[in-house]
Amino acid sequence: MSAALAARGVTLSYGRRPILDDVDLDVRRREVLALVGPNGAGKSTLLSVLAGDISPDKGEVLLEDRPLSTWKLREMSRKRAVLTQEHRISFPFPAVDVVRMGRSPWRGCPEEDDDERVVAEAMATADIERLAGQPFGLLSGGEKGRTSFARVLAQRTGVLLLDEPTAALDIGHQEAVLAHARAQATAGAAVVVVLHDLSLAAAWSDRVALLHHGRVTAEGTPSEVFTAPLLSLVYDHPIDVVAHPVTGDLLVLADRRALVSREETA
Ligand code: ADP
Ligand code: MG
């Protein structure tokens, strides 16, 4: 089956600085794809290109086999929803109105009849019901993140592009958000999620793409990509990959032994 969303030779520079270099990536239905890599690797830029918010200098993105440039914005908004890294909305509207914004692509469609039910469900999933009436600008970072996640869910699209949806979330809500992304994939959605916590990525994704200096350095299952030598090289820091003694889950940890022995000998 063809990919729900596919990047083909995506290349982009800002000024003379290459940011994305010939990126090929398939985003498949029923799959959570984790996009990982160091700060500045190009993850958010790639997500914006996949979303159609930024056009590449070279290459293209296909949504359901059609170049993004041929899609109308509204039509595209019924297919893919995007959670950006910054929750920039600063208007004094209550959180529930932010979630309702997710329904705007469906205005005038039969789906509009479901608006209130869909908004209520999304708010319950994101655990923000008690924040419904609070001005968005006054919410904590994690609460803003969960409200934006609810907005994305309310959009009811088959493709979800989530840029660090777990940033600023407590451990319970991190798990809840990724469990829900996972459930969406199981139900047929194609999900891309940018994550910094590699243990979370290992636990919740089917496939990982490791971005480094604007290139996909490695792609595969978490156990294929998350090896100590590769991660230590890409992150320029000693990293350990161990299996959880009970569950066998991959745990990716900073290896501090070199640091400790350096201090001991100092
Ligand atoms: P990541 O999300 O992996 O941390 P980004 O995709 O946000 O990285 O950014 C990749 C690189 O591109 C960074 O070095 C960043 O400074 C640069 N960059 C991002 N957006 C712009 C822009 N609008 N103009 C110039 N440089 C940018
Ligand atoms: Mg980013």
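A residue is taken as buried when its relative accessible area is under 20%, as exposed when that area is over 50%, and as partly exposed in between. In the predicted model described here, this criterion applies to helix H5, which comprises residues 141-154. The buried residues of H5 are Gly142, Glu143, Gly145, Arg146, Thr147, Ser148, Phe149, Ala150, Arg151, Val152, Leu153 and Ala154, so that 12 of the 14 residues of the helix are buried and H5 as a whole is mostly covered. The length of H5 was also compared with expectation: at 1.5 Å a residue, its 14 residues should span 20 Å, and the separation of 20 Å between the C-alpha atoms at its ends agrees with this value.

The side chain of Arg80 reaches the backbone oxygen of Ala51 at 2.7 Å.

The shell around ligand 1 consists of Tyr14, Arg17, Ile19, Pro38, Asn39, Gly40, Ala41, Gly42, Lys43, Ser44 and Thr45. By class, these residues divide into 4 nonpolar, 5 polar and 2 charged. Several polar contacts involve oxygen atoms of the ligand: a polar side-chain atom of Arg17 lies 2.7 Å from an oxygen atom of ligand 1, an N or O atom in the side chain of Lys43 is 2.8 Å from an oxygen atom of the ligand, and a polar backbone atom of Ala41 is found at 3.2 Å from a ligand oxygen atom. Of the 560 Å² of accessible area that ligand 1 has on its own, the protein covers 61%. Strand E2 (17-27) and helix H1 are the elements that give two or more residues to this shell, and H1 gives the most, with 3 residues.

Because Ser44 lies in helix H1 (residues 43-51) whereas Gln85 lies in the loop between strand E6 (80-83) and helix H3 (95-101), the pair ties together parts that are 41 residues apart in sequence. Both coordinating residues are classed as partly exposed, Ser44 at a relative accessibility of 26% and Gln85 with a relative accessible area of 34%.

How values were computed
Residues numbered from 1 in each chain as written. Chains lettered and ligands numbered in written order. Predicted model: local features only at pLDDT ≥ 70, side-chain atom pairs only at ≥ 80, totals over all residues. Heavy atoms only, no water. Helix = DSSP H or I, 4+ residues; strand = E, 2+ residues; numbered from the N terminus. Buried < 20%, exposed > 50% of the residue type's maximum accessible area, 1.4 Å probe, protein only. Near = heavy atom within 4 Å. Polar contact = N/O pair within 3.5 Å; in protein donor to acceptor, adjacent residues only side chain to side chain. Areas by Shrake-Rupley, 256 points an atom, 1.4 Å probe, with all protein chains shown as cover. Nonpolar A, V, L, I, M, F, W, Y, C, P; charged D, E, K, R; others polar. Expected span 1.5 Å × (residues − 1).
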